Amino acid sequence: MKNNNFFKFFSIVFASFCIFGLAGCGKKVADGSDTHLAIEDGKPVVERYGQLQVLNGTLCNQAGKPVQLRGMSSHGLQWHGKYANQDVIGWLRDDWNCQLWRPAMYLTEGGYIGNKAIKVKVIDSIEACINLGMYVLVDWHVLGNGDPMVHKAQAIEFFTEIAQKYGSYPNIIYELCNEPNGDNVTWEGNIRPYAEDVIKAIRQYDKNNVIVVGTPHWSQYVDKVIANPLQDENVMYTVHFYAGSHGKKNMNIARKALKAGLPVFVTEWGCTKESGDGGVFEKETLAWIKFLEENNISWANWSVNNKGEDSGVLKYNADRNAKGHWAESDLSPAGIFVRKILRNETENK
């Protein structure tokens, strides 16, 4: 009995230390700038930052100070939706220092268009993030069918429902179209008119929360937006990269957009090749991480899964019951590396 009581006491102390101290995850700075902490002084990130807004081309907190959100994306919820639960998301907050969770709701390949029940995993994610004081990036994962106009009616229905139910919560960030793609899918002809209609539907019920819009060519050509951005003060634009495939050319495209005043949000990136494999490109990843921090660009890393791909943060078949509390032995090389980035344990050279 004595040993059991000691174990319980130790467990409580350790949990409190992780949640309220986040040792090794970051540090306060004297000038009050962003510490990238999921929890600071016992307050989760949403309690500290409040209602997000876009000011002067950058994401800001309720007080108008620039902030950079950092976190993790799920893999497709139809395959790995078991990780979209409060145990896992809470572990990502408390141990990985995640401020943001992105449930990736595919449309095709067994996703929402043919299986609307998958929406439950998005709702579970939203509820968990509200309970945990995290931001949630609600992802309409345009991919296999690259033109967002194809399923515009369903997008309006989905985002209207989310805005009606959760638009009053500052936790919500809407991601309208993950990766528009295809030679005939352009900003002017497809993405912008789609976004205008979906934004109009959202703004009927949610006037304030940030909306992120995908860009041409798998969200790599954000510069195509410069000539004709959307007329909504709280809209941002997506840039995606995989460090093993996308280097200076892609970074320069993002720089061009930033110089033009476009607010950018990296809703998905990986430390591998764009295939999700090819190993971990640490040097190239750290160059991107430095660029994102210097330019105050928020991000979500791809992805939480255990299927054995290099970009997955878990080893093959690790945590099959999706409970979180991962030991380092459960993590893939990408998982070990990305966790260090989130915990501010790498040197960005």
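Which residue just after α5 takes a positive phi? Select G133: its phi is about 70 degrees. Keep that spot in view; the tour returns to α5.

**Before you start.** This is a predicted model, in which local features need pLDDT of at least 70, side-chain atom pairs count only at pLDDT 80 or more, and totals for chains, interfaces and linings use all residues. Residues are numbered from 1 along each chain as its sequence is written, and side-chain values use heavy atoms, with hydrogens and water left out.

**Whole protein.** Colour by secondary structure. You get eleven helices and twelve strands; these are DSSP runs numbered from the N terminus, helices being H or I of at least four residues and strands E of at least two. Switch to the surface. The accessible area is about 14800 Å², and carbon and sulfur atoms hold 50% of it (Shrake-Rupley method, 1.4 Å probe; for residues, only the protein chains shown count as cover). Of the 349 residues, 56% are buried. Buried means under 20% relative accessible area, exposed over 50%, partly exposed in between (1.4 Å probe, protein chains only). Now show contacts, meaning heavy atoms within 4.5 Å. Among those between residues at least 6 apart in sequence, 74% join residues at least 24 apart.

**Helix α5.** Select 119-132. This helix has 14 residues and spans 20 Å from first C-alpha to last, close to the 20 Å expected at 1.5 Å a residue (1.5 Å times one less than the number of residues). Its buried residues are V122, I123, S125, I126, A128, C129, I130 and L132. An α-helix has 3.6 residues a turn, so residues three or four places apart point the same way.

**Aromatic pairs.** Show the rings of Phe, Tyr and Trp (its six-membered ring). They pair if their centres lie within 6.5 Å; planes under 30 degrees apart count as stacked, over 60 as edge-to-face and the rest as tilted. The count is 14 aromatic pairs.

Select Y112 and F158. Their rings are edge-to-face, 5.7 Å centre to centre with 65 degrees between the planes. Y112 lies in the loop between β6 (100-106) and α5, and F158 in helix α6 (residues 152-166), so the pair ties together parts 46 residues apart in sequence. Y112 is buried at 2% relative accessible area; F158 is buried at 0%.

Next, W140 and F159. This pair is tilted: 6.0 Å centre to centre, 55 degrees between the planes. W140 sits in strand β7 (residues 135-141) and F159 in helix α6, 19 residues apart. W140 is buried at 0%, and F159 is buried at 0%.

**Last stop.** Y112, W140, F158, F159 and Y174 form one aromatic cluster.
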